[in-house]
Amino acid sequence: MPNEHSPVDVLRDGDGATRRDRGGLHVACIMDGNGRWAGRRGLPRTDGHTEGEENLARLVRVAVQRDIGYLTVFGFSTENWRRPRPEVRHILGLHEKLFGRVAELNELNVRIQWIGRPFDSREARTPRYVQRAIHKAIQDTAANTGMTLTVAFDYGGRSELVSAVEKAREDQDGITTESISRNLYLPDLPPVDVLVRTSGERRVSNFLLWQAAGAAIYFTDAPWPDFDAAELDAALALVPAS
């Protein structure tokens, strides 16, 4: 059961329009607790990550039913490369599988996109086979007109902001709120309406620091593999009606 709701701000843009008017709600999820879910069952951590990937597929279907416009999930952070190599290899394989669910995404009319350090940047670490899976998924779902699923892979909010500021310096207007927004990894990604963090943690972990400013935050003790439709509905309840 959901256990804690944070205070809710009125989610309005500068012109007074609610974010709900910007093409559908934007839900962002920090999918934490896969390893703990497995540990409580006496299973290897990798089994927790596998179940977490399966739960994401289930949640995508629920989000489509809820008419959510944008679902963004934190798949792999810039800090996650420090994890044990066997665990990292397993997670990479799961992401290759995730980006390979094209038939399912097309069935749901879901468009997939990716956010993270550009593949041609010096700091990028995404393996070529995952890059190929990402490119193919984006291409094969580009014509879909329903929900947009954005997977953050090799992503860090601070890295994104540093990149945006460096590019904004070359803008004719200099470094401004608008020029930084234009130079984010995905400039068209709308502001986050509600940020979800599972598994009892009470932090945002370097995720969408710019886009989530002013978002409601939903914390739950449920680990990611147990995050279900009831939890999602509780998170959505934090967003003021239009």
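A: Happy to. One term before we start: buried means under 20% relative accessible area, exposed means over 50%, and partly exposed is what lies in between. Keep in mind that this is a predicted model.

Q: Thanks! Is I217 buried, partly exposed or exposed, then?
A: I217 has 23% relative accessibility, so it counts as partly exposed. You'll find I217 in strand β7, which covers residues 216-219.

Q: And how far apart are the C-alpha atoms of I217 and V196?
A: They are separated by 6.0 Å, with the two residues 21 places apart along the chain.

Q: Okay, new topic. How many residues does helix α2 have?
A: Helix α2 runs over residues 45-65 and has 21 residues. From its first C-alpha to its last it reaches 31 Å, close to the expected 30 Å.

Q: Which residues in α2 are buried?
A: The buried ones include G48, H49, G52, L56, A57, V60 and A63. E53 and N55 are buried too.

Q: What comes just after α2?
A: Just after α2 there's D67, with a positive phi of about 60 degrees. D67 is a residue other than glycine, and it lies in the loop between α2 and β3.

Q: Is D67 buried or exposed?
A: D67 has 66% relative accessibility, so it counts as exposed.

Q: What about S205, where is that?
A: S205 sits in the loop between β6 (194-197) and β7. S205 also has a positive phi, about 50 degrees, although it is not a glycine. With a relative accessible area of 25%, S205 is partly exposed.

Q: What kinds of residues line the largest pocket?
A: The lining divides into 10 nonpolar, 10 polar and nine charged residues.

Q: And how many cavities of 30 Å³ or more are there?
A: The structure holds two of them. The largest cavity has a volume of about 80 Å³. A57, V60, L98, R101, E104, L105, L108, I112 and L149 line the largest cavity.

Q: How does the lining of the largest cavity split by class?
A: It has seven nonpolar, no polar and two charged residues. The largest share of this lining, three residues, comes from α4.

Q: Which residues touch the most other members of the largest nonpolar core?
A: V27, C29, L71 and L149 do, in a core of 46 residues. Apart from that core lies another one, of 16 residues, among them A28, F74, Y155 and L189.

Q: What is L71 in contact with, beyond its neighbours within four places in sequence?
A: L71 is in contact with V27, C29, V60, A63, M147, T148, L149 and T150.

Q: Last one: where is Q113?
A: Q113 is in strand β4, residues 111-115. Its relative accessible area is 13%, so Q113 is buried. Leaving aside neighbours within four places in sequence, the contacts of Q113 include I138, T148, L149 and L186.

How values were computed:
Residues numbered from 1 in each chain as written. Predicted model: local features only at pLDDT ≥ 70, side-chain atom pairs only at ≥ 80, totals over all residues. Heavy atoms only, no water. Helix = DSSP H or I, 4+ residues; strand = E, 2+ residues; numbered from the N terminus. Expected span 1.5 Å × (residues − 1). Buried < 20%, exposed > 50% of the residue type's maximum accessible area, 1.4 Å probe, protein only. Nonpolar A, V, L, I, M, F, W, Y, C, P; charged D, E, K, R; others polar. 1 Å grid on protein atoms, 1.4 Å probe; cavity = no way out; pocket = protein on both sides within 12 Å on 5 of 7 lines; lining within 4 Å. Points joined across faces, edges and corners; volume = space filled by probe spheres on them. Core = buried A, V, L, I, M, F, W, Y, C linked by side-chain atoms within 4.5 Å. Contact = heavy atoms within 4.5 Å.
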